[in-house]
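Visitor: I'd like a close look at one part of this model, please. Pick a spot and walk me through what sits around it.

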Amino acid sequence: MPSSRLHQLSDLGQSVWIDYLSRDLLETGELARLIEEDAVVGVTSNPTIFQRAIAGGSAYDGQLAELSGEVRDPKKLFYELAAHDVATASDLLIPIWKATSGRDGYVSWEVDPNFADDRRSSFEEAQHLHAWIDRPNLYVKIPATTAGVGAIEDMVAAGKNINVTLIFSLQRYREVVEAYINGLERLVADGGDPATVHSVASFFVSRVDTETDKRLDAIGGHAALKGKLGIANAKLAYQHYLNAFAGERWERLASEGATTQRCLWASTSTKDPAYSDVMYVEGLIGPETVNTMPEETIRAFQDHGRVAQTMTQGLNDARRLFDELEDAGVDYGDVVATLEREGIEKFTASFADLLEGVHDKAYTLVTMDG
């Protein structure tokens with residue numbers, strides 16, 4: 001086996017996933033190479049990523065041309081395109097899923113972000129996506145809005161794998177964990193097997209620093225506080241993970257075969273060029289976690305990343321940072337609420353652009369064929 005930096009990261013108990021999926025990634029063999037050489041054991045995607053992949057080339061044109069004569073709804077067309085990629089990637093990763101007893105080897109795709117504030121619609125669409133791609137290593141992504149948290153509990157109670165996305169705040173993360181445990185308890189009470197259900201909680205990191213730094217710049221005079229909240233926030237979330245998945249309540253579920261809902265660090269590319277391009281990997285290394293990285297972060301960490309267990313270091317500094325930011329005039333609650341709202345808005349806008357692009361390209365292909 002190769003012993004790259006990312007393989008060493010895996011040896012410390014952190015799973016490496018890639019936050020990108022496309023037809024080219026599959027057909028060129030690049031995903032297979034990433035699995036072999038870069039320790040990648042999972043794939044995530046979102047509307048923005050699919051929008052770029054479909055709009056950015058001709059890889060989907062053949063399938064789209066075939067479908068366009070029968071399917072007119074742009075959303076249905078998109079799901080047909082995405083389902084092909086998700087199913088293909090799932091089949092490629094199923095040996096990893098089997099080898100890790102269902103901990104890794106997953107591919108994620110996301111419910112329509114327009115349903116973010118609709119518990120029932122989120123639940124129904126998540127059920128639909130799971131039925132569409134009937135693979136044990138499929139994660140359906142639901143955003144951690146108030147309504148989304150309810151849908152997450154309902155899906156877990158129904159025995160389905162869920163990737164909880166767009167988590168920014170510690171309070172929301174606590175609600176997500178509670179929803180997962182509640183869902184498992186409902187599943188067991190109904191005679192279901194919790195060993196068949198897996199979940200990750202995707203905690204977004206770099207966006208927290210982007211928003212906080214913007215506010216610190218507007219205030220002025222607090223440069224020492226910049227670029228720190230994202231990692232501090234995630235470290236305290238991990239502490240809650242350790243506490244929540246321990247004790248009598250959890251042990252009852254674990255005795256039935258339930259597995260913990262691991263923290264997944266998302267948005268781990270560095271946005272500010274003044275910071276290290278691997279800071280959101282190096283600063284969040286610890287067991288029973290996942291880091292989903294873009295390709296450029298994978299390459300950067302393989303080249304010069306430092307491998308060391310950092311997840312539980314500097315906790316007092318992390319807690320103190322919240323007080324220091326409050327004293328400086330940065331409202332943490334408003335920061336994370338803004339990020340959640342903007343996250344949904346961005347995904348919704350990307351989804352609209354995606355459907356428009358699919359419609360326009362389908363029309364062009366049909367016209368050319370005619």
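Guide: Contact here means heavy atoms within 4.5 Å. Keep in mind that this is a predicted model. With that in hand, let's start at Y173: setting aside neighbours within four places in sequence, Y173 is in contact with I167, A201, F203, A237, H240, Y241 and C263. Y173 also belongs to the largest nonpolar core, a set of 119 residues, where Y173 is listed with F78, W109 and W265 as having the most contacts inside it. As a rule, nonpolar side chains in soluble globular proteins tend to be buried together.

Now hop over to S202, which sits in strand β6, residues 199-204. S202 counts as buried because its relative accessible area is 2%, and the cut-off for buried is under 20%. Again leaving out neighbours within four places in sequence, S202 touches N163, V164, T165, L166, I167, L264 and A266. I167 turns up on the contact list of Y173 too.

Next, have a look at helix α11, residues 229-244, and its partner α15, residues 315-328: their axes come within 9 Å and cross at roughly 125 degrees. That angle makes α11 oblique to α15, and the crossing is left-handed. On the α11 side, the contact is made by L229, A232, N233, K235, L236 and Q239, while α15 brings L315, A318, R319, L321, F322 and L325. Sorted by type, the residues of this contact split into eight nonpolar, two polar and two charged.

Note on methods. Residues are numbered from 1 along each chain as its sequence is written. This is a predicted model: local features need pLDDT of at least 70, side-chain atom pairs count only at pLDDT 80 or more; totals for chains, interfaces and linings use all residues. Side-chain values use heavy atoms; hydrogens and water are left out. Axes are lines fitted to C-alpha atoms, for helices over the stretch in contact, and angles run from 0 to 180 degrees between N-to-C directions. Helices (H or I, at least four residues) and strands (E, at least two) are DSSP runs, numbered from the N terminus. Angles under 35 degrees count as roughly parallel, over 145 as roughly antiparallel, 65 to 115 as roughly perpendicular and the rest as oblique. A crossing is left-handed if the near helix is turned anticlockwise from the far one by less than a right angle, and right-handed if clockwise. Ala, Val, Leu, Ile, Met, Phe, Trp, Tyr, Cys and Pro count as nonpolar, Asp, Glu, Lys and Arg as charged, and the others, Gly among them, as polar. Buried means under 20% relative accessible area, exposed over 50%, partly exposed in between (1.4 Å probe, protein chains only). A nonpolar core is a set of buried Ala, Val, Leu, Ile, Met, Phe, Trp, Tyr and Cys residues joined through side-chain atoms within 4.5 Å.
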